[in-house]
Amino acid sequence: MSQPAMSAAPAPDAVSALRSLRDGGHARLLVHTVIAGLSFVAFILARLLDGPVGLMLLAIGASACGWAWLFARALFDPARHDAVWPRAVVAVVAVSGAVSVLGSDGDLAARVAGNLYVLSGSAALLMTLIEPFQTHGCRTPPSEKRFRAVFVIAFVLLAGISVLGVWLRPEPIYVASAALSLAGAVAATVFRLSHPLKADAARARQPATDEDRRLGERLTALLVGEAIYADPDLRIADVAQRLNEPEHRVSRCISAALGFANFNRLINHHRINLAKHLLAAPEEERSILEIALDCGFGSVGPFNRAFKDETGMTPRAWRAGRTAPTLADPVSPAPADAGHSA
């Protein structure tokens, strides 16, 4: 197998981090964290400011309960995109909340919007509480179960604090509740980024069809024959385009026919395969960083993690041992929980 040309320079750490977040399916979570956070901030400022500015901010902040639900869905559902119906519900919450705030007292439209806002907002809050109990086919190790329990407890406490605001001094309580919700959302996002959800392979893997196996053979031939896995910017959409197949079919064949949990695990498996060969070659004098870049990794950190997860050894230890320099079977399935995104 010919060696791919070495990249001119390593990708900046910030770019690699953003790429890792996107490849790991966290873009949806980050977007909803930002939007929910902005709605909480608008709600807080509306309680502190008077006049038209405060009223406009309150109209924006009224949608916070809806965005909190979409945030919770992104937190506990590893899908890359939202379904249409939750977006529709949140749109109802946002529009009805804004109309009820900006409408005139006694106006029929404002009254109808107010009732609709109460119903849709309450439904969104109830669904937020339900989300942690949905596994979406993912594993729930002890740390994940504790995280979900903490989320439920914190949510119930914040909801209780908000209810108390109806009878006590509402403004300070509402502001405190929104501020704590904002802090909790940030903390939950930080936890999820460092503890990504992992699919339960036993339930997620579907039996391969003949069509899956044929596509798997074509995919493997493309990866091995042209070494395109060494491209650090390679995406599943690029591969689907090269194969002239829908992206969902390529994704299915990766899990069903080739036995990998997802596209990133497949690509990392090929990259680590090449890296093992290069590191074990006695005549190889390039540094570990240079080899990592040549194999398609953006920096040495993700390479070290992926290499150790796949082999149980660090690249340095593998090189020191000078393990037999034969390339492993490139189509052999890696364990479903092995490897990290580049």
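Predicted model: local features only at pLDDT ≥ 70, side-chain atom pairs only at ≥ 80, totals over all residues.
The pairing of helices α3 and α5 was examined first. Helix α3 spans residues 51-61 and helix α5 spans residues 84-102, and their axes come within 7 Å, crossing at roughly 155°. Because an angle over 145 degrees counts as roughly antiparallel, α3 and α5 are assigned to that class. The crossing of these two helices is right-handed. On the α3 side, the contact involves Leu55, Leu58 and Ala59, which meet Ala98, Val101 and Leu102 of α5. Classified by residue type, this contact between α3 and α5 contains six nonpolar residues, with no polar and no charged ones.

Backbone geometry was considered next. Most residues other than glycine have a negative phi. Alanine 227, although not a glycine, has a positive phi of about 50°. This alanine lies in the loop between α10 (210-226) and α11 (236-243). Alanine 227 has a relative accessible area of 14% and is therefore buried, since the cut-off for this class is under 20%. A positive phi, near 60°, is also found at asparagine 244, another residue other than glycine. Asparagine 244 is placed in the loop between α11 and α12 (247-256). With a relative accessibility of 68%, asparagine 244 counts as exposed, because the limit for exposure is over 50%.

The cysteines were treated last. A disulfide is a covalent bond between the sulfur atoms of two cysteines. With a disulfide taken as a pair of cysteine sulfur atoms within 2.5 Å, the count in this model is zero. Cysteine 253 is buried, at a relative accessible area of 0%, and cysteine 295 is likewise buried, at 0%.

Technical notes: Residues numbered from 1 in each chain as written. Heavy atoms only, no water. Buried < 20%, exposed > 50% of the residue type's maximum accessible area, 1.4 Å probe, protein only. Helix = DSSP H or I, 4+ residues; strand = E, 2+ residues; numbered from the N terminus. Axes fitted to C-alpha atoms, helices over the stretch in contact; angles between N-to-C directions. Parallel < 35°, antiparallel > 145°, perpendicular 65-115°, else oblique. Left-handed = near helix turned anticlockwise from the far one by under 90°. Contact = heavy atoms within 4.5 Å. Nonpolar A, V, L, I, M, F, W, Y, C, P; charged D, E, K, R; others polar.
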